[in-house]
Amino acid sequence: MVSRAAAPLSISRISICEALTSDWHAYARSVRCRRAVADKTASSIWSVNGSLILLVEDDEDIGSELIQALTSHGYRARLASGGTEALSAATAEPPDLVLLDLGLPDIDGVVLCRRLRAAVPDGIIVVLTARTSEFDVVVALDAGADDYLTKPFRLTELMARLRAHLRRRPGPQERTCIEVGRLRLDLLARRAYLGPEELALRPKEFDLLAVLTGSAGKVLTRNELMAGVWDETWFGSTKTLDVHVSSLRRKLMLHGEPAERISTVRGRGYRFEAEPAG
Ligand code: CA
């Protein structure tokens with residue numbers, strides 16, 4: 001008989017890679033389809049969801065593989081290996097969605113679920129656990145979880161559920177305008193203004209500025225920016241990103257903004273400062 005603690009977890013390095021591969025073609029098709037419909041619209045900028053996902057998982061292997069899978073699907077992902085760490089991470093930067101393992105070393109998962117629900121009332125909580133009984137499912141849902149997925153699970157199904165939950169959630173994809181200080185972006189008209197003056201931006205410069213300002217004050221990694229602006233499946237050089245950032249800085253400076261408004265965060269990526277430096 002298999003104990004709960006030793007419940008089978010098929011999410012090994014190999015199975016995740018296989019699941020990723022099998023998921024990939026369907027995912028790429030859906031991305032192409034969405035792009036064909038939404039290209040040149042405000043929502044195309046957000047076609048890879050840059051949503052923040054907090055993964056609460058104490059198993060190091062599962063944690064690192066899932067973080068890798070989430071990142072490769074265009075999400076920003078953070079890992080917390082226990083309940084205390086999860087609560088402080090959720091408080092520091094409220095996640096759009098929490099993937100919650102119930103079997104944690106420091107806090108019972110159901111208790112943590114209640115606390116996370118209180119800490120992040122608008123966030124989505126998806127339980128990902130080896131606990132399979134109807135009782136466990138009901139208790140977790142009553143504690144504030146929005147969905148429940150048991151281990152072993154298929155990565156394709158997990159990703160589909162994440163997309164379904166995040167699609168329904170009001171978020172940046174529903175924005176029509178972004179305003180940060182003097183800067184204003186009309187996402188429907190695809191026009192950017194600094195005060196009353198319009199910036200002359202090329203299409204990708206506009207997309208990049210929209211992604212940066214849409215998360216003003218937060219660091220966006222190079223891969224997140226490449227995925228958000230150029231291609232969800234980007235794995236190559238990111239030099240084109242630097243070229244576009246330089247061009248954006250020049251154009252902002254022409255209208256009186258300091259170049260440091262777009263900060264380089266060494267070893268990570270870029271951040272659009274919510275407030276001008278100095
Ligand atoms: Ca666990």
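Where is the place of P152? P152 sits in the loop between β5 and α6, and a cis peptide bond with omega of about 0° joins K151 to P152. Most peptide bonds are trans.

This is a predicted model, in which local features need pLDDT of at least 70 and side-chain atom pairs count only at pLDDT 80 or more, while totals for chains, interfaces and linings use all residues. Residues are numbered from 1 along each chain as its sequence is written.

Overall, the protein has nine helices and 12 strands; helices (H or I, at least four residues) and strands (E, at least two) are DSSP runs, numbered from the N terminus. Of its 278 residues, 35% are buried. Here a residue counts as buried if 20 or more other C-beta atoms lie within 10 Å of its own, exposed if 12 or fewer, and partly exposed in between, with C-beta atoms placed from the backbone. Contacts are pairs of residues whose C-beta atoms, placed from the backbone, lie within 7 Å. Among contacts between residues at least 6 apart in sequence, 60% join residues at least 24 apart.

Now for the sheets. Strands of a sheet pair through backbone hydrogen bonds, either parallel or antiparallel; in this text, two strands pair if DSSP finds at least two bridges between them. Five strands line up as an open, parallel sheet in the order β2-β1-β3-β4-β5. The edges belong to β2 (76–80) and β5 (147–150), each with a single partner strand, so one side of each is left without a neighbour in the sheet. From one strand to the next the twist averages 20°; axes are lines fitted to C-alpha atoms, for helices over the stretch in contact, and angles run from 0 to 180 degrees between N-to-C directions.

Within this sheet, β1 (residues 52–56) and β3 (residues 97–100) pair in the parallel sense over four bridges. Across that pairing, I53 stands opposite L97 and L54 stands opposite V98. On its other pairing, β3 runs parallel to β4, again through four bridges, and the bridge partner of L97 in β4 is I124. β3, α4 and β4 also make a right-handed β-α-β unit, right-handed meaning that, with the strands pointing away from the viewer, the path from the first strand over the helix to the second runs clockwise.

What has the most contacts inside the largest nonpolar core? That core has 36 residues, and the ones with the most contacts inside it are I53, L54, V56, V98 and L100. A nonpolar core is a set of buried Ala, Val, Leu, Ile, Met, Phe, Trp, Tyr and Cys residues joined through C-beta atoms within 7 Å. Elements that each supply at least two residues include α2 (60–72), α3 (83–92), α4 (109–119), β4 (124–129) and α6 (155–168). The largest share, five residues, comes from β1. Leaving out residues up to four places away in sequence, I53 touches L70, Y75, R76, A77, P95, D96, L97 and L99. A second, separate core of 24 residues includes L183, L185, L225 and I262.

The other sheet described here is an open one of four strands, in the order β6-β7-β8-β9 with antiparallel pairing. Its edge strands, β6 (177–180) and β9 (197–199), pair on one side only. Neighbouring strands are turned by 25° against each other on average, direction ignored. Strand β8 (residues 191–194) meets β9 in the antiparallel sense over three bridges, with E197 in β9 as the bridge partner of L194.

L183 lies in strand β7 (residues 183–186) and is buried, with 20 other C-beta atoms within 10 Å. Beyond residues up to four places away in sequence, L183 touches L194 and T213. The C-alpha atoms of L183 and L194 are separated by 4.5 Å, although the two are 11 residues apart along the chain. In the loop between β7 and β8 comes R190, which has a positive phi of about 55° although it is not a glycine. R190 is partly exposed, with 17 other C-beta atoms within 10 Å.

Finally, the axes of α7 (residues 203–214) and α9 (residues 239–254) come within 10 Å and cross at roughly 85°. That makes the two helices roughly perpendicular, a label for angles of 65 to 115 degrees, where under 35 is roughly parallel, over 145 roughly antiparallel and the rest oblique. At this crossing, K204, E205, L208 and L209 in α7 meet H244, S247 and L248 in α9.

How values were computed
Two residues are in contact if their C-beta atoms, placed from the backbone, lie within 7 Å.
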